[in-house]
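Visitor: Hi! Could you walk me through this one?
Guide: Happy to, here it comes.

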Amino acid sequence: MNFDISNILENWDYQPGQIIVRKLVGRDGHEKIQLRVDLGLLQMYARGRPDGKKPMGHPSLFEYYESRVKKHTQEHGSDDSFTLKAEDCAKLQLEALQYHHRYICLLELQDYEGVVRDTVRNLAVFDFVARYAESEELAWALQQFRPQLLLIQVRAKANEKLAAKRYREAVQDVERGIGELRQFYAETGRNEHEHGGEVQFLENWIAEINSSRPLTKREKLELALHEAVRQENYEKAAEVRDKLRNLGED
């Protein structure tokens, strides 16, 4: 068996600063994702745990720990005394990193449904660790990445709406994302202006969406009204106001 992948790399150039990714179907019939990196490539399964492993017979390490909480609750009547040690948190963080690599790739591939699936999953891991970690420092090791994860999730949700030309819904998704980010900064005592690059990105994106999307009939009339008033063409302004009023009654 030839383990040398030089031929693959020679025919697939690495481009610094860009996410170079592709999908393929492996010999086992499962869909895979390949990410080109400077010294080679990363390959992962498109679904399930990215490395295809089943820790302790479970679909993921996270689900294994969830089963431990369930068992602990059955034996003790509650989950109050269940804790995640440093080693447990480190293992869950490494597994979350696998999903992070995959949803970055899925975003580039415009598989927005897959991005939402994996980001929702990692947010659940963050919450799980925050609940059961034996110290706040261990919980923060994951929580510090929540803004980046939320940004990626919002981008996927909004881009899916934009692709369907549902501009208002896309803006609403972005606005909700901004709200979640600001809530995170407030709850963790972080300065939004110092750490809130994600908020600034999303605010700029809203402005970009609004400036490039087609105008609704109402918006066109409102602009016409503004222009008529600016030109002191009050007869035209009255005509446009009537159209706006009738539009509201339809």
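Visitor: What do the side chains of Arg117 and Asp118 meet in?
Guide: They meet in a salt bridge, 3.1 Å from N to O. A salt bridge here is a side-chain nitrogen of Lys or Arg within 4 Å of a carboxyl oxygen of Asp or Glu.

Visitor: Where do those numbers come from?
Guide: This is a predicted model, where local features need pLDDT of at least 70, and side-chain atom pairs count only at pLDDT 80 or more, while totals for chains, interfaces and linings use all residues. Residues are numbered from 1 along each chain as its sequence is written, and side-chain values use heavy atoms, leaving out hydrogens and water.

Visitor: Is Asp118 buried or exposed?
Guide: Asp118 counts as buried because its relative accessibility is 2%, whereas Arg117 is partly exposed at 30%. Buried means under 20% relative accessible area, exposed over 50%, and partly exposed in between (1.4 Å probe, protein chains only).

Visitor: How many salt bridges does the count come to?
Guide: The count comes to 19. One of them joins the side chains of Lys85 and Glu134, at 3.5 Å from N to O. That pair links distant parts of the chain, 49 residues apart.

Visitor: And which residues are linked in a network of salt bridges?
Guide: Arg49, Asp51, Glu95 and Arg121.

Visitor: New topic: which residues in α2 meet α3?
Guide: Leu61, Phe62, Tyr65 and Arg68 in α2 meet Asp88, Lys91, Leu92 and Glu95 in α3. Contact means heavy atoms within 4.5 Å, and helices are DSSP runs (H or I, at least four residues), numbered from the N terminus.

Note on methods. Helix = DSSP H or I, 4+ residues; strand = E, 2+ residues; numbered from the N terminus.
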